[in-house]
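Please open your viewer and get ready to click along.

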Amino acid sequence: MYRRRLTSLPLFFSHFHQVKRADQLKIYQAFSTEIINPVESESSSTRNSPYVAFVLGGPGSGKGTQCLKIAETFGFEHIGAGDLLRKEMYSSTEEGAMIQKLMREGSIAPSEVTVKLIQKAIESAENRKFLIDGFPRSEENRTAYERIIGAEPNFVLFFDCPEEVMVKRVLNRNEGRVDDNEHTVKERLKVYKAVTLPVVNHYAKKGKLYKIDGTGTQEEIFERVRPIFSSLSSLV
């Protein structure tokens, strides 16, 4: 992992600038005084390590759909933190029984459990490029990941979307979820803003955040994502 020297930043996404890559495509990157070229700074051992991108966004931001497109187009392994927990819950393991108990009580799994499931998924995969979808959801998640894994993500992809658009998308999913009504969706968004946006802000300050406009069609959004992953082809 390479380091970057940063200037002080306001708390949330003020000072974004466009940087032009060698292919002349422009992408948004958090402002920093120095960005070390990963090709020049990474050792061969680092290049052999897993290449991890966190993918964050509110409910209805479209991050799950875009993860599928990224995985198909650029060969990343798509890991959904929620999917891992649900799969483990129905297993016969001690952790699975604990997750079931917590779910019945209306609680959430400890950060350490989720991180270890992610770690297991990464270590057991043949792929070395990963999209971690919907994680970390909180600062506690983030610090647990960095402590257990011993590394930060290579970068973070954040789908920024107006609340009214996210609410409309969730309500139009028609997936039969009992909490998919306008009131509960807005409550989920309040929790998301309070708990997850500090994580987004943290990585913005470290110069690791790519902020994507999450409005428009799936194809329009993916065209905003494509230059980021195209520019990584020589690195991973």
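In this tour, a residue is called buried when its relative accessible area is under 20%, exposed when it is over 50%, and partly exposed in between, using a 1.4 Å probe and the protein chains only. By that rule, buried residues make up 43% of the 236 residues in the protein. What you see is a predicted model, where local features need pLDDT of at least 70, side-chain atom pairs count only at pLDDT 80 or more, and totals for chains, interfaces and linings use all residues. Residues are numbered from 1 along each chain as its sequence is written, and side-chain values use heavy atoms, with hydrogens and water left out.

**Stop 1: the whole protein**

Show everything as a cartoon. The secondary structure comes to eleven helices and seven strands. Helices here are DSSP runs of H or I with at least four residues, strands are runs of E with at least two, and both are numbered from the N terminus.

Among contacts between residues at least 6 apart in sequence, 74% join residues at least 24 apart.

**Stop 2: helix α4 and its two partners**

Select residues 81–89, which form helix α4, and residues 111–124, which form helix α6. At what angle do α4 and α6 pack? The angle is about 95°, with the axes 10 Å apart. Axes are lines fitted to C-alpha atoms, for helices over the stretch in contact, and angles run from 0 to 180 degrees between N-to-C directions. Angles under 35 degrees count as roughly parallel, over 145 as roughly antiparallel, 65 to 115 as roughly perpendicular and the rest as oblique. The helices α4 and α6 are therefore roughly perpendicular to each other. Show side chains to find the contact: Ala 81, Leu 84, Leu 85 and Glu 88 come from α4, while Val 113, Thr 114, Leu 117, Ile 118 and Ala 121 come from α6. Sorted by class, this contact has seven nonpolar, one polar and one charged residues. For these classes, Ala, Val, Leu, Ile, Met, Phe, Trp, Tyr, Cys and Pro count as nonpolar, Asp, Glu, Lys and Arg as charged, and the others, Gly among them, as polar.

**Stop 3: a cis bond**

Zoom to Phe 135 and Pro 136, where the peptide bond is cis, with omega near 0°. Pro 136 sits in the loop between β5 (129–133) and α7.

**Stop 4: salt bridges**

Side chains of opposite charge can pair when their charged atoms come close. A salt bridge here is a side-chain nitrogen of Lys or Arg within 4 Å of a carboxyl oxygen of Asp or Glu, and the whole structure has 13 of them.

Select Arg 142 and Glu 146, whose side chains form a salt bridge at 3.2 Å, N to O. They lie four residues apart in helix α7 (residues 139–149), about one turn of the helix. Are Arg 142 and Glu 146 buried or exposed? Both are buried.

Next, pick Asp 160 and Lys 211, with their closest N and O atoms 3.5 Å apart. This pair links distant parts of the chain, from strand β6 (residues 155–160) to strand β7 (residues 209–213), 51 residues apart.

**Stop 5: helix α10**

Finish by selecting residues 197–205, helix α10, where seven of the nine residues are buried. Among them are Leu 197, His 202 and Tyr 203. Just after α10, click Gly 207, which takes a positive phi of about 75°.

Technical notes:
Contact = heavy atoms within 4.5 Å.
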